[in-house]
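Thanks for coming. I will go through one structure, starting with a pair of helices and then moving to the sheet and the cores.

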Amino acid sequence: FKNLFFKYPRGTDYVLKDINFTLEEGKTLAIVGRTGSGKTTMVNLLLRLYEADKGEILLDDKNIKDITIKSLRENISYVPQDNFLFTSTIRENIGFAFDGTISEDLMIESSKSAQVYDNIIDFPNGFDTVLGERGVTLSGGQKQRVSIARALAKDGPILVLDDSLSSVDTETEEKILGELKNVTDKKTTIIISHRISTVKNADEIIVLDEGEIIERGDHESLLEFDGLYKYLYDKQLLEEKIQ
């Protein structure tokens, strides 16, 4: 991301201002910040759902505007905040990126990595269970994990998780992150989260506030800096103790 500015169509104020960072292949970048700070907007620009007003996004030194949208999106495995599931079987949902039917082995492997395999086989029809409209037959956490399984099965070289573990309990989150570590060593990964526990092991963390990067570093250095990241971390620790 190079000198990037963006405002929404018909918007008057920039929601992203002078965003600069480089994410190396095989590394994990985490993006944290309060609600409305512009985290998801950055991903929308990477996927070319919107175009930047100023600046550019480069992928292997090539402006993404010079890459076809089809090719760009085929190379990104994306789990959005709104985990959209189709009114079809779990098998078809996990294998959505494939022209034909997903292989049994890949489907099982990706669902195990996403910590949802045991839930699925508990259903009477297993992977052939038909989901209701927008996945209403699943809990929030199960929907998120099926969406993660879909992204892992797609196996794009870039993996983007946009607040994709918010409905998962912390124990399951730890297991998923452990599995992701095995996978993401070979992928370039962007993790967006409100939870510090989700991002603490990232190679680099950037903190957004009102569309600007105000802090950057790894978990330990950001705690020492004693800024917004430390405030969010302390707040979440306190909330966990109260629970």
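Which residues in α6 meet which residues in α7? Arg 145, Ile 148 and Leu 152 in α6 meet Thr 172, Ile 176, Leu 180 and Val 183 in α7, where contact means heavy atoms within 4.5 Å.

Before going on, a note on the source. This is a predicted model, in which local features need pLDDT of at least 70 and side-chain atom pairs count only at pLDDT 80 or more, while totals for chains, interfaces and linings use all residues. Residues are numbered from 1 along each chain as its sequence is written, and side-chain values use heavy atoms, with hydrogens and water left out.

Back to the pair. Helix α6 covers residues 140-154 and helix α7 covers residues 170-184; helices are DSSP runs of H or I with at least four residues, strands are E runs of at least two, and both are numbered from the N terminus. The two helices pack at about 5 degrees with their axes 13 Å apart. Axes are lines fitted to C-alpha atoms, for helices over the stretch in contact, and angles run from 0 to 180 degrees between N-to-C directions. α6 and α7 are therefore roughly parallel to each other, the word for angles under 35 degrees.

Now the cores. A nonpolar core is a set of buried Ala, Val, Leu, Ile, Met, Phe, Trp, Tyr and Cys residues joined through side-chain atoms within 4.5 Å, and buried means under 20% relative accessible area with a 1.4 Å probe, protein chains only. The largest nonpolar core has 39 residues, and Ile 94, Phe 127 and Ile 148 are among those with the most contacts inside it. Helix α6 gives the most to this core, with 6 residues. A second, separate core has 25 residues, including Ile 57 and Val 160.

Next, the sheet. It is open, with 3 strands in the order β2-β1-β4 and antiparallel pairing; two strands pair if DSSP finds at least two bridges between them. The edge strands, β2 and β4, each pair on one side only. From one strand to the next, the twist averages 25 degrees. Within β4, Lys 54 is the bridge partner of Phe 5, and Glu 56 is that of Lys 2. Helix α1 packs on the sheet, touching β1 and β2.

Is α1 enclosed or open? Since 7 of its 8 residues are buried, α1 is largely enclosed by the rest of the structure. After α1 comes Arg 48, with a positive phi near 60 degrees.

Definitions and conventions. Buried means under 20% relative accessible area, exposed over 50%, partly exposed in between (1.4 Å probe, protein chains only). Angles under 35 degrees count as roughly parallel, over 145 as roughly antiparallel, 65 to 115 as roughly perpendicular and the rest as oblique.
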